[in-house]
2 protein chains.
Amino acid sequence: MTGLCYNHGMRIAEMGEFGLISKIAALIDEKGDRQSPAYRDLLLGIGDDAAAWKSPGGTELITTDILVEEVHFDFAYTGWKDLGWKSMAINISDINSMGGRPRYALVSLALPGRGEVSDVLDLYHGILEISNIYGVTVAGGNISASDKVVINITLTGLAEGNMMTRSSAQPGDLVAVFGFPGLAAAGRKALSQYLNLDADALQLFKNAHLRPAPDFNGGPLMARLGVKTAIDISDGLAADLTHICTASKVAAILHLNNLPVHPLLKKYFDRDSLKMSLAGGEDYELLFTAAPDIMNRVDAAFDPAPVIIGEITAGEPYALSLLDEGRNPVHIDFSGWDHYKYHD
Amino acid sequence: MTGLCYNHGMRIAEMGEFGLISKIAALIDEKGDRQSPAYRDLLLGIGDDAAAWKSPGGTELITTDILVEEVHFDFAYTGWKDLGWKSMAINISDINSMGGRPRYALVSLALPGRGEVSDVLDLYHGILEISNIYGVTVAGGNISASDKVVINITLTGLAEGNMMTRSSAQPGDLVAVFGFPGLAAAGRKALSQYLNLDADALQLFKNAHLRPAPDFNGGPLMARLGVKTAIDISDGLAADLTHICTASKVAAILHLNNLPVHPLLKKYFDRDSLKMSLAGGEDYELLFTAAPDIMNRVDAAFDPAPVIIGEITAGEPYALSLLDEGRNPVHIDFSGWDHYKYHD
């Protein structure tokens with residue numbers, strides 16, 4: 001740096017969420033204590049859907065997610081009860097994607113003092129509704145004042161058998177996905193842009209965005225069937241498959257004609273529907289990879305079965321290739337859900 | 001409700017933090033699933049410094065705290081590194097006050113995109129500095145955009161022997177406290193009001209507010225010595241002793257002349273010093289109760305030793321009586337740190 005040059009330093013928005021997380025992970029790697037008993041039991045730190053450590057009862061899991069008003073949700077079309085459901089659902093999804101069962105939740109809230117007590121209780125009704133379905137006990141939390149509503153839920157879980165991670169994909173694995181990615185993005189668009197849709201379509205999209213409800217019990221069964229690699233679709237199918245490739249140091253091919261695009265997504269969003277399926281995010285369906293024999297077992301065990309959409313290759317690490325019906329490369333400009341860079 | 005009366009419902013600020021927490025606890029009690037395996041293992045839910053459940057390795061603990069810019073900290077006089085230290089310290093304190101050792105932390109951040117990356121790394125330097133001292137492994141987290149900075153840390157812990165709680169105080173117990181409560185409040189006042197103090201006093205007060213560092217290893221030893229009841233002073237000595245009385249369904253007497261008021265607090269805040277000691281909060285020193293024989297053991301084991309300031313009685317539950325030297329009741333108008341009601 002020369003004398004006259006003022007280096008203001010890089011701003012968070014320039015670096016983006018994923019860049020900042022890498023920086024932080026590197027700092028923890030460099031400066032964190034590696035001698036503590038806790039560190040010795042650690043199985044997975046930063047960089048997966050949940051952290052994990054060995055315990056006498058199995059593999060303990062823990063995950064956390066922060067939701068901020070106007071960034072993650074908009075009260076113009078989000079009710080408090082749905083918000084409670086969703087804020088817990090995204091954490092249950094993280095535990096499920098590791099092959100674990102959720103156990104205890106802590107709910108931290110920052111709330112404006114002018115807010116209504118009944119709204120907070122509605123939030124908890126939504127939290128308890130989904131918690132009761134999946135065996136989650138709300139064990140504590142924290143309340144603070146704030147200008148905007150912030151909800152941070154932390155959820156613990158337990159994987160009794162093998163864990164699924166992002167870092168275990170191998171060349172030769174098939175790539176498969178459950179459900180119809182893109183529906184949550186359609187819901188966000190339909191609600192925020194007040195789109196005029198048929199009631200059935202609106203209901204489907206709205207529910208996908210406001211009240212995600214994939215099979216959150218599927219993870220432990222998949223792990224038992226031998227699946228080692230999974231992630232839940234939160235950033236978008238393409239971004240999340242890239243996370244798997246990055247963590248596993250492999251490449252992947254996606255066959256776009258195999259992508260499960262919901263007919264109503266196709267009907268209402270036409271040429272945008274492919275992009276929404278690939279980059280929409282917040283679907284919380286499981287995306288996973290497995291060797292063909294394991295994939296057959298999963299196919300037989302689940303109804304609806306997952307759809308095979310690609311394969312893992314030994315190609316240039318981190319590279320995701322999109323191929324059309326004729327196996328020709330397709331270029332699509334899309335972004336994952338980076339909270340600093342991506343705005344719908 | 002009559003026809004013409006519009007009941008707008010109660011606002012959060014009217015009800016206050018503790019009232020809202022009671023409402024939420026009652027709702028969870030009523031609606032929560034009591035059949036799940038997680039619920040069956042639960043030892044402590046909402047209402048203590050941490051939640052706790054049985055596990056094959058001992059008693060698992062978990063706590064969470066949310067810090068919001070302008071509510072809990074002010075960048076006018078708070079550096080990022082100190083903020084990192086403090087945001088982890090308050091959670092380590094909760095685990096310590098239960099008699100546990102901290103293990104794994106998750107750090108959720110909501111940050112404005114215009115913020116500097118180097119500030120976030122400074123925050124982590126502070127987080128890692130205290131984490132390394134107390135054996136904490138930072139195992140994950142979450143980053144989101146936001147207008148104001150919000151830091152939510154969740155910390156797990158393990159109590160290998162007996163746990164200390166708020167709900168086990170018994171008539172005949174003595175009440176004791178470590179350190180000098182009120183110093184953190186003095187720091188907040190000195191910094192926010194730019195008070196002109198001698199360097200030594202300013203340093204003492206500032207550190208107490210910005211970088212709390214009581215003996216965070218003391219809890220497990222106290223539990224081993226037989227102490228069953230403890231809380232860390234976060235809301236203020238009087239409010240926190242009231243939390244013990246409420247949870248234990250007992251009353252307490254505080255002898256004001258025995259209260260450890262730091263000479264520099266007395267010197268600079270004179271007639272306010274007593275109120276600051278009783279209601280300042282954020283000291284994170286341990287306040288505890290124990291039968292006299294256990295108290296003797298603690299006294300012998302710790303240097304500096306705790307100071308006995310009162311006793312637990314069978315009087316009207318929840319009542320805290322303040323007595324002067326002549327054992328006459330003293331009336332002081334003070335409030336604990338209720339984030340909606342209390343402003344310094």
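In this predicted model, B:K81 counts as buried because 20 C-beta neighbours lie inside 10 Å, and a residue is classed as buried if 20 or more other C-beta atoms lie within that distance. B:K81 belongs to helix 3 of chain B, and, when residues up to four places away in sequence are not counted, it touches B:D122, B:L123, B:H125 and B:G126.

B:L210 is itself one of the buried residues of helix 6 of chain B, together with B:L204, B:F205, B:K206, B:A208 and B:H209. The cover over these buried residues includes helix 3 (80–97), helix 5 (183–192) and helix 9 (263–269) of chain B. Helix 6 of chain B comprises the 12 residues 199–210, and at 1.5 Å a residue it should span 16 Å; its end C-alpha atoms are 16 Å apart, so expectation and model agree.

Elsewhere in chain B, B:A239 is placed in helix 8, which covers residues 237–248. B:K249, by contrast, lies in the loop between helix 8 and strand 9 (251–255) of chain B and counts as exposed, because 11 C-beta neighbours are found inside 10 Å. The phi angle of B:K249 is near 55 degrees, a positive value in a residue other than glycine.

A positive phi angle is also found in chain A, where that of A:Y284, likewise a residue other than glycine, is near 60 degrees. A:Y284 is located in the loop between helix 10 (273–279) and strand 10 (286–290) of chain A, and it counts as buried because 25 C-beta neighbours lie inside 10 Å. As for peptide geometry, the bond from A:D303 to A:P304 is cis, with omega near 5 degrees, and A:P304 lies in the loop between helix 11 (292–301) and strand 11 (307–313) of chain A. In chain B, a cis peptide bond joins B:D303 and B:P304, with omega about 5 degrees, and B:P304 is placed in the loop between helix 11 (292–301) and strand 11 (307–313) of that chain.

Chain A as a whole contains 11 helices and 12 strands. For its 344 residues, a compact globule would have a radius of gyration near 20 Å, and the value for chain A is 20 Å, so the two agree. Along the principal axes, the C-alpha trace of chain A spans about 60 × 60 × 60 Å, and 53% of the 344 residues count as buried. Among the contacts in chain A with a separation of 6 or more, 82% are accounted for by residues 24 or more positions apart.

Chain A is divided into domain 1, residues 47–159, and domain 2, residues 174–323. The centres of these two domains, taken over C-alpha atoms, are separated by 22 Å, and the contact between them takes 21 residues from domain 1 and 18 residues from domain 2. On the domain 1 side of this contact, helix 3 (residues 80–97) of chain A gives the most, with 10 residues. By class, that side has 8 nonpolar, 7 polar and 6 charged residues.

The contact between the chains takes 72 residues from chain B and 72 residues from chain A. On the chain B side, the elements that give two or more residues include helix 1 (12–31), helix 4 (117–134), strand 4 (101–111), strand 5 (137–145) and strand 6 (150–159) of chain B. Helix 1 of chain B gives the most to this side, with 11 residues. The class composition of the chain B side is 37 nonpolar, 24 polar and 11 charged residues.

The largest nonpolar core has 204 residues, of which A:A105 and B:A105 touch the most other members. Leaving aside neighbours within four places in sequence, A:A105 is in contact with A:M88, A:S131, A:V136, A:V138, A:A139, A:I153, A:T154 and A:L155.

Notes. Residues are numbered from 1 along each chain as its sequence is written. Chains are lettered from A and ligands numbered from 1 in the order in which they are written. This is a predicted model: local features need pLDDT of at least 70, side-chain atom pairs count only at pLDDT 80 or more; totals for chains, interfaces and linings use all residues. A nonpolar core is a set of buried Ala, Val, Leu, Ile, Met, Phe, Trp, Tyr and Cys residues joined through C-beta atoms within 7 Å. A residue is buried if 20 or more other C-beta atoms lie within 10 Å of its own, exposed if 12 or fewer, and partly exposed in between; C-beta atoms are placed from the backbone. Two residues are in contact if their C-beta atoms, placed from the backbone, lie within 7 Å. Domain bounds come from an automatic or database domain assignment. Helices (H or I, at least four residues) and strands (E, at least two) are DSSP runs, numbered from the N terminus. Ala, Val, Leu, Ile, Met, Phe, Trp, Tyr, Cys and Pro count as nonpolar, Asp, Glu, Lys and Arg as charged, and the others, Gly among them, as polar. The radius of gyration is taken over C-alpha atoms; the globule rule is 2.2 Å times the number of residues to the power 0.38. The expected span of a helix is 1.5 Å times one less than its number of residues.
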